[in-house]
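Please read it alongside the sequence and the model.

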Amino acid sequence: MISACPTTRPSSNSIAPAPATLGWPRPILSPWNVAVLRERHKALAHCLKLIDRKQKLHDLEMLDVGCGNGLFINEMIGMGIDPGRVCGLDLFQDRIDSARSHVPASVTLQRADFLTIRPEAKYNLICLCTTLSSIPEDGARVKFLKHTRQHLKAGGFLLIYDFDRSRSWSKSVFVKPITTDVIATESATRLLWRARVTPSFFLGHRLTRRLPWINPILFWLPPLKTHFVGLFQALKGQVVARATTKLQSQLCHGGDQ
Ligand SMILES: C[S@@+](CC[C@H](N)C(=O)[O-])C[C@H]1O[C@@H](n2cnc3c(N)ncnc32)[C@H](O)[C@@H]1O
């Protein structure tokens, strides 16, 4: 089980301005990567602003499932999430070791299969940053989303950055995109906000190397975007029960309304 997080507080609860590298090590950033991260950062900051209106960021208990090298955690901390209330977990020890070298010492990190963790510690915010698309089977992803919901507190938030089904032009990477409709249904959440982000890496890397001036055009054209940032909120038990009753009544009456 994930151990309880210690509680240290940052001095301010407002969303901090983005640092130049967004918490990423400078050597791995090309101008294209910086532009991609900046665009995503803007969308993530918007999501945190929406959350902050309902619940102060520094009070949130956050879980990053599939945290990889921990750089996404760093980005969230940079925007006002309290590192002492963040837990990151990943299937692989080398990723946890890498995350340990990037995130503040007060972040809790654990090597574990999320699906085997019992929902004893609940979170106000769960982040899945390209974690869903790394799970190839539909059934396993549905199970993963249902499990995610069990780890969310009532009214808690689910923040997802991932491939968009209809716009995945990524030929070089193996991914299985997912729609926001499926996410909302299977995780019993409602979509609060979403944005298309990240122009096709395939086009971006090739074209911008030869034609740097084309970069802003790629970011401006929505049809070229391959990912989304989505913010979902857990439905309260009552709402789920009402929705189920309505569905049952529709089924009993042959679906006519
Ligand atoms: C594509 S990587 C993304 C890593 C990181 N979130 C990022 O954006 O850089 C997906 C990560 O999810 C992790 N993962 C997949 N299934 C998992 C599970 N059941 N429990 C924990 N981690 C999982 C993988 O080990 C991998 O590190």
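Helix 2 (residues 71-78) is largely enclosed by the rest of the structure, because seven of its eight residues are buried. A residue is called buried if 20 or more other C-beta atoms lie within 10 Å of its own, exposed if 12 or fewer, and partly exposed in between, with C-beta atoms placed from the backbone. Helices (H or I, at least four residues) and strands (E, at least two) are DSSP runs, numbered from the N terminus. The model is predicted: local features need pLDDT of at least 70, side-chain atom pairs count only at pLDDT 80 or more, and totals for chains, interfaces and linings use all residues. Residues are numbered from 1 along each chain as its sequence is written.

- The buried residues of helix 2 are Leu 71, Phe 72, Ile 73, Asn 74, Glu 75, Met 76 and Ile 77.
- Their cover includes helix 1 (31-54), strand 1 (62-65), strand 2 (86-90), helix 3 (93-102) and strand 4 (123-129); contact here means that the C-beta atoms of two residues, placed from the backbone, lie within 7 Å.

**Chain overview**

- The protein chain holds eight helices and seven strands.
- Of its 257 residues, 35% count as buried.
- Among contacts in the protein chain with a separation of 6 or more, 78% are between residues 24 or more positions apart.

- Seven strands form an open sheet with mixed pairing, in the order 3-2-1-4-5-7-6; two strands pair if DSSP finds at least two bridges between them.
- Strand 3 (108-111) and strand 6 (189-199) are the edge strands, each pairing on one side only.
- From one strand to the next, the twist averages 15°; axes are lines fitted to C-alpha atoms, for helices over the stretch in contact, and angles run from 0 to 180 degrees between N-to-C directions.
- Helix 4 packs on this sheet and touches strand 4, strand 5, strand 6 and strand 7, its direction making about 145° with that of strand 5.
- Strand 1 and strand 4 run parallel and are joined by three bridges, with Asp 64 opposite Cys 127 in strand 4.
- Strand 4 and strand 5 (residues 152-163) also run parallel, joined by six bridges; Leu 128 stands opposite Ile 160 in strand 5.
- Strand 5 and strand 7 (residues 225-234) run antiparallel and are joined by seven bridges, with Phe 163 opposite His 227 in strand 7.
- Strand 4, helix 4 (residues 138-150) and strand 5 make a right-handed β-α-β unit; right-handed means that, with the strands pointing away from the viewer, the path from the first strand over the helix to the second runs clockwise.

**Strand 4 and Cys 129**

- Strand 4 is mostly covered, with seven of its seven residues buried.
- Cys 129 belongs to strand 4 and counts as buried because it has 22 C-beta neighbours inside 10 Å.
- Leaving out residues up to four places away in sequence, Cys 129 touches Asp 64, Phe 72 and Tyr 161.
- Cys 129 and Val 229 are 100 residues apart in sequence, yet their C-alpha atoms are 9.1 Å apart in space.

**The ligand shell**

- There are 19 residues around the ligand, of which Gly 66, Gly 68, Leu 91, Phe 114 and Cys 129 come nearest; a residue is near a molecule if its C-beta atom, placed from the backbone, lies within 6 Å of it.
- By class the shell has ten nonpolar, six polar and three charged residues. Ala, Val, Leu, Ile, Met, Phe, Trp, Tyr, Cys and Pro count as nonpolar, Asp, Glu, Lys and Arg as charged, and the others, Gly among them, as polar.

- Most residues other than glycine have a negative phi.
- Ala 188 has a positive phi near 50° and is found in the loop between helix 5 (180-186) and strand 6.
- Ala 188 counts as buried because it has 20 C-beta neighbours inside 10 Å.
- Thr 198, not a glycine either, has a positive phi of about 65° and lies in strand 6.
- With 25 C-beta neighbours inside 10 Å, Thr 198 counts as buried.

**Thr 185**

- Thr 185 is in helix 5 and counts as exposed, with 12 C-beta neighbours inside 10 Å.
- Thr 185 and Lys 146 are 39 residues apart in sequence and 9.3 Å apart in space, C-alpha to C-alpha.
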